[in-house]
Amino acid sequence: MTEVITDADAAGARAAAAGTDDEFRKALRSWLTDNHPGKRPKDPGERQVWQKAWLAKLYDAGFAGPSWPRAYGGMDLPFARQIIYQEEYASARVPGPLGTGLGIVGPTLITYGTDEQKRRFLPSMLRGDTVWAQGFSEPEAGSDLPALRATARRDGDEYVVNGQKVWNTSADIADILFTLVRTGSRESRARGITYLLIDAHAPGVTIRPLRDLTGGADFSEIFFEGATADPLVRDRLADFEIRVRIMRYQGMRTIESILAKGEPGPGASTSRLFITAFEQDLHEFAVDLLGSYGTLGRTDVHSVERGRWVWGFLRTRASTIGTGTSEIQRNTIAEQVLGLPYDPAMPPR
Amino acid sequence: MGITLTDAQEELRDLVRGFLAEKAPSEAVRRWMDSDDGYDPDLWHQMARQLGLHGLVLPEQYGGAGYGLPELAVVLEEMGRRLLPAPFFATIALAAQTLLASGDDQACRRYLPGIAEGELTATVAVCDVNGSWELSDITATAQRDGDGDWRLSGTKMFVIDGETADVILVVARTGDGLGLFAVDGNSAGFTATRLDALDPTRRLARVDLQDCQAERVGPAGDAAPFLRKALDMATVALAAEQVGGAQACLDDAVAYAKVRVQFNRPIGSFQAIKHKCADMLLEIESAKAAVLYAASLTTEAADDAPAEEEFAICAALVSAYCSTAYTHAAKENIQIHGGIGFTWEHDAHLYLKRAKTSELLFGAPAAQRARIAELVGI
């Protein structure tokens, strides 16, 4: 089991947190700069080792889990400090978390887990010692998640699980799967679903990497680089500049709303639609700017910036599908934010 | 006008569609795209000999059947529908049309009968490293050596099926404007290297020419006018292929929307999906009309200046519209399929890659729109 760090281990982080916002920002920035793990290895195996080493270092120094309780290795920062942390972490260009547990099952365990579950799972998740992956979607249950069919049957002290899950980011490197399975009848929809944690290495669990249309899987990032511009290009670039700024303003507004009222406000629900359309448009525009060179893949010696824009053009097709399609998001916004009536032909929630 | 298909053209369409449905299912396309040559030589010969597709639009005096661009459009639409990986577009729509446009009887007699029989593959190398399809941007050079033979130097990019072509028609700059030159794929000083193309179903190559011996094609003097016309013909032919691909995307999306059940009903019953499909149909039907009209212009034997300008405008608008419509249809097909549409196993991505790549060959939509603006005096 991962040791919970003591104050002595993380004196620097504790001191930083005790200062003003500005001092905290500076201390965090200099620690991230001084401890930057260097260039990302190309080989996936080496990259995982490199990333785990970084996460462990971050944890041991007390700079992991800004929103997590100290009892489980986190920093327990107030919300405004969490924003500062995320800004500095992003601009330091250090590796992000491994797997998808941290942002999804982590907070769920913190809120709903038993003390034993918290002690057992949270520190090792935060330190990167265990990698977590989500198992929610199924072939016949995508947008309509309550239609999921994988079953779990209680047998003594255990659950016996049968079924198939898809779209499990990082499942190929995962140690633990957090899943939604059916313990009630099919008709019970969402009420008959149970949240189970499953050992990814257990007998009977088979995980196959899913080759997506990009030919692989990776992370994407967005930034502008100076493109020489004719009037049409300038017009489009100006439009992207406008949209980037609006995203920032919307983010600021959401943060202020949370700080002032404890709620994100209606703008937060539309921001994902805004961002996904933006990233698709941006990548496609970049490919269009490449002209004939936009016809090349990632491995060609002639491909521009190692094909990052062409790859991004393909990768961002998933932006309007994953974690709920844009169509489902619009339905949810219409019904839950605007209060429009539910479709009477739809199954009950 | 010829803006609807004749009975004979419909028969041709049904023949090619049935043939490809049987011979070129998705599994075969995926096998060929990963093979060394990138296509199936057996199928290639069947298309040439049994169906006579290669000679279909070549003049009778060169071993062809004497049909024109409308028939070629019918054939390419079906090939586009199947994403058939084969050097048909490069050989017939690009190289053979360029040879014909050159008016060089000797060169036509030398190459076209072999093309009609399926014995010879060919392509045209236009773009230099600068990636521009503007003829004025070409920098590769052609010079006469001491014996009076032409020698080519330079690098050509995005040469469609350039690695496997027997004959490569190279556009190069002479002291007297542009010239078109035929190069044997086995010549000394000629190297073709396969590029990692985004679209796995259509091969692209880089061609390096180092003092490479070549035969001039076409009359002395600037070749730009006939090259421009040949590229416009190829652009319209490509648009026909794009329409076929877009139609396949729509058909696939509609079929899936009818059977994919979420929330206890087919997703096609949701307006969000219906509207997407209706918009795709609108664009595809419009694209079809534009392609048929553009192709019909080439069968009327008017080669006066107004007719040529009308065809040039048409070629540019057809390219801009069909490119955009295809890419849109390919993206919507993935979106309507949801997660399964993002997998490697589903063909949706092959259509997106073909669509985006086709959009960028021969000049992207923005360049085509700029050309229209210039031609109509906006």
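Helices here are DSSP runs of H or I, at least four residues, numbered from the N terminus; axes are lines fitted to C-alpha atoms over the stretch in contact, and angles run from 0 to 180 degrees between N-to-C directions. On the H3(A) side you'll find A:Lys52, A:Leu55, A:Ala56, A:Tyr59 and A:Asp60, which meet A:Pro123, A:Leu126 and A:Arg127 of H6(A) (contact means heavy atoms within 4.5 Å).

This is a predicted model, so local features need pLDDT of at least 70 and side-chain atom pairs pLDDT 80 or more, while totals for chains, interfaces and linings use all residues. Residues are numbered from 1 along each chain as written, chains are lettered from A and ligands numbered from 1 in the order written, and side-chain values use heavy atoms, leaving out hydrogens and water.

Now for the interface: chain A and chain B each put 45 residues into the contact. About 3600 Å² is buried between them, with 62% of that from carbon and sulfur atoms; buried area is the accessible area (1.4 Å probe) that two parts lose on being put together, summed over both.

Six salt bridges link chain A and chain B, each a side-chain nitrogen of Lys or Arg within 4 Å of a carboxyl oxygen of Asp or Glu. B:Arg265 makes one with A:Asp343, with the closest N and O atoms 3.0 Å apart.

How values were computed: Helix = DSSP H or I, 4+ residues; strand = E, 2+ residues; numbered from the N terminus.
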